[in-house]
Amino acid sequence: MHGKALPYLLLTPATLFLCVFFLFPFALVAFEAFTRDGGFTLDNFRTMAGSWKFPVTVRNTLLLSAVVVPIQLVMALLMATMVSRLETGRSAALYIFAIPLGISDLAAGLIWLAIFDQSGFLNTLLSNLGVIDRPVMFLGYQSKLTIFIAVALAEIWRATAIMMVILVAGMGLIPREYYEAAEVFGASPWKRFIKITLPLLRPSLQTAIILRVILAFEVFAVVAALGGTNLPVLMGETYNWQFTLQDRNVAAAMALFILAISIGFTLFFLRVLRVPKEARI
Amino acid sequence: MSTVAELSIAAPEARKAGNWLLVATVILLCVWVLLPIYLLIVNALSSPEEVTAFPKRFFPSFDFGSLSFFINFAGVARALWNSVLVATLTMLLSIGFGAPAGYALSRFEFPGKETFRFLVLMTRAFPLPLLALPLAVMFIRTGLDDTAIGLALVHTTLALPFAVLITFSLFSGIPVELEEAAWTLGCTRLQAFRKIILPLALPGIAASAVFAFTISWNEVFAAAVLTIENRTLTAFLLQSLGESPLYLKFAGGAALVIPALIFIFAVRKYLFAMWGIANR
Amino acid sequence: MAEIAIKQVAKRFGSFTALHSIDLTIADQEFMVLLGASGCGKTTLLRIVAGLETPSQGEVWIGGRRVDHLPPRERGIAMVFQNYAVFPHLTVFENIAFGLRMKKLPQQEVEGRVNRTAELMHIEQLLKRYSGQLSGGQRQRVAVARALAMEPDVILMDEPLSNLDALLRLEMRAELKGVLAASKTTTIYVTHDQVEAMSLADRIAVMHQGHIVQAASPVEVYRNPAARFVGSFIGNPPMNFIPAAKAADGSWTVAGLTLPGPKSDKQTIEFAIRPEDVDAGTEGLHATVRVVEPLGPHTLVTCDVEGGLFRAILESNVTVAVGDHLRLLPKPDRIRWFDPETTNAL
Ligand SMILES: Nc1ncnc2c1ncn2[C@@H]1O[C@H](COP(=O)(O)OP(=O)(O)OP(=O)(O)O)[C@@H](O)[C@H]1O
Ligand SMILES: [Mg+2]
């Protein structure tokens, strides 16, 4: 009478949808990556890896992630703890911190372009301060380092919010009594953070880090807006293979490569930040 | 004795100092978030000449030259319209598919539930925009290429998991007893849902709809891959990055950012709730 | 006419059996209380009657109609939930009117019935408020009014008073009893509070681990527990149990006292007596006093009898001190005997 079928009926649209638009294209990518003109081959991967740009893109992407994610983690933790201790203006601060969450990576790139451009605000500031007398070309093809810094700043600016939101939500799940108990036993705020917040926040940290690392591998529009082709990254190269070089199969191989390192890192962090089931709140 | 007295005097002072540090840090972080947006808006509200001039003013001149150039630029109006269309479709699709699933997850125990949850959570571990590549081919075959609905379908893969998890947490937050009470008072399942659950969940559902809208509104890669004629605003801006003048870029950037600010404001209450549940 | 018949109803959750083949008949207009410890299956049984849970096996009949395949709305029941389930987005008026509107009654009739039940439950001044503006006790009243307004054949209540403070609970208990008696409905009322059960019930069904151990009037359940569990669960303090060794056929030795008892081929059975059913005297059970608690009208004495705890409620004029040796004489007509293996009364 309650119909055992009802839950399945309700899940069917979403399930079908995910099968057609998530699992199926995923299989399709894999298929295209391993075939060329109808036959099985590893050529696509050879072509991909053989391109002179490939090592550079891999290095840029990984380096960018390695620089950006730890800084974001620290900033997100800082924001989350600060906000939780704030007495007035809590929700205003949370809203402001969360704003970049709603901003597209392209818009973020453009925002930082306004700062780093040759006629941008950074140059204006520096010249107003008398540090420089001519505007500097921060984003030129010769200034790889400043491009990298600009991209890193834009990424940190844009995507810290998502980690912050996850961590704030996670902290909300930690019962207050633990802190009160620790305080009674004489733990300093720093000790409480290290001994209680961090361990109990592990599931949230795990989610935040995994999500952020994957998004970091997907960096695309920020770089396109700030660096053009001067700082090639994986997603940009994939786009190039698909459109500029019109080679779908290599683009698919590239996509599979990104998927592979994403899954690799996901598994890595699942393992490293593993929380035993018994030890959850 | 004196140490005790000192301590009790020192403690509030130390706390005060700590408080100042706290407030200062929070303000600094707020400035870090807000200042770049402000600078973009200064650019958008300056005339094209001012945007390319050097040195720059740190205050807008409220000249709408850049903005009107942007609006009147060939293809922009169409791109804006496409963005809205795709985002609206994405919103409808993801709520239409996601909310029933969220409801099922919150109200029933059944074999396969964990598998479904896993499928949903798995989507997070994948760079989803990449899936636009194979879909591009599939869409050409089915005539979905370069259409708003085609892109909306891809954006729905991005938004659906969120819709499922948010609505799941929403429905879980409404006591089952309310629904059961309605059944005992003469409602069918559907009536109880319409009269009790829906009114209570509506604000949250609206928030997750807005969130889905935002996801689509902001998405760049899939939009650039899947559209040629019918570009969305993000795809349009991306493709004209190379050749378009600075003031067009900044005005475009502002056009992307301002709605986003409003969206995030609209859903601010739910951001934390949905991530709290999504952690598990 | 709404007699409820529960026939061989069982409920399994996966491998766990919450209810083992329950048989229970509740007469028309009877007030039946389901009493038992937490987790014994009271709520599950009630929800099966309501149609909120499907039985794994068995039948439910209401008013001569088999209902176990019917959804709740077609069973002619109304239910009061433990946390009240007052719809937060509707006013009190609309809450009470909800079921009537579902029945598509004319507006006039709806208003009439809402006002009448609101008056009955003393909430007529709250009709315009929302649930969030009510106290727990007021919400409770709304929930009851909402059920009563339906004029159902059967009212089901799941611990409706457990979220109220002690004083309010007393007040509501008396009120519920009056209102339900006047409404002439058949009632199933779930509680784990034995005082509540005693004071409300026409009959009490004592549940234990998914079984109904005894279903009888409050006095019967108190005086003649059908099983050891009932004796040990009901009464505060509960019944005392002492092993009894066979002295002769139909005669048993209990803590130095030989008493006539049931005939049995067992060598040991259990002797049971309520604390208030013993008198201190010169003969009786050998007891050593451990704790003395004067309670005003009488004194609660905890003793050691045959190495086990034994509680006695004595007249407060009996003076006893810790360490005293007492002889406690059980009132012969209040002695009960239990089979230690089946735990059933002999
Ligand atoms: N949906 C379910 N899935 C699995 N087990 C359940 C479920 N519902 C109830 N149970 C189990 O069935 C048993 C009886 O539960 P029930 O809620 O009927 O107890 P109760 O007598 O109402 O207890 P309480 O006084 O605490 O409300 C419990 O052991 C409970 O754990
Ligand atoms: Mg219960």
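**Exercise 1.** Sort the shell around ligand 1 by residue class and say where its residues come from.

*Solution.* Start with the classes: 5 nonpolar, 6 polar and 2 charged residues. Here Ala, Val, Leu, Ile, Met, Phe, Trp, Tyr, Cys and Pro count as nonpolar, Asp, Glu, Lys and Arg as charged, and the others, Gly among them, as polar. This is a predicted model, where local features need pLDDT of at least 70, side-chain atom pairs count only at pLDDT 80 or more, and totals for chains, interfaces and linings use all residues. Residues are numbered from 1 along each chain as its sequence is written, chains are lettered from A and ligands numbered from 1 in the order in which they are written, and side-chain values use heavy atoms, leaving out hydrogens and water.

Next, the elements: β2 (16–26) and α1 (42–50) of chain C each give at least two residues, and α1(C) has the largest share, 3 residues. (Helices are DSSP runs of H or I, at least four residues; strands are E, at least two; both are numbered from the N terminus.)

**Exercise 2.** Track down oxygen atoms of ligand 1 that sit by N or O atoms of C:Gly41 and C:Lys42.

*Solution.* Take the backbone first: an N or O atom of C:Gly41 is 3.0 Å from a ligand 1 oxygen. Then go to the side chain of C:Lys42, where an N or O atom lies 2.8 Å from an oxygen of ligand 1.

**Exercise 3.** Work out which classes make up the lining of the largest cavity.

*Solution.* Count by class: the lining has 23 nonpolar, 5 polar and 7 charged residues. Then look at the elements: helices giving at least two residues each include α10 (202–217) of chain A and α12 (246–278) of chain B.

Definitions and conventions: Polar contact = N/O pair within 3.5 Å; in protein donor to acceptor, adjacent residues only side chain to side chain.
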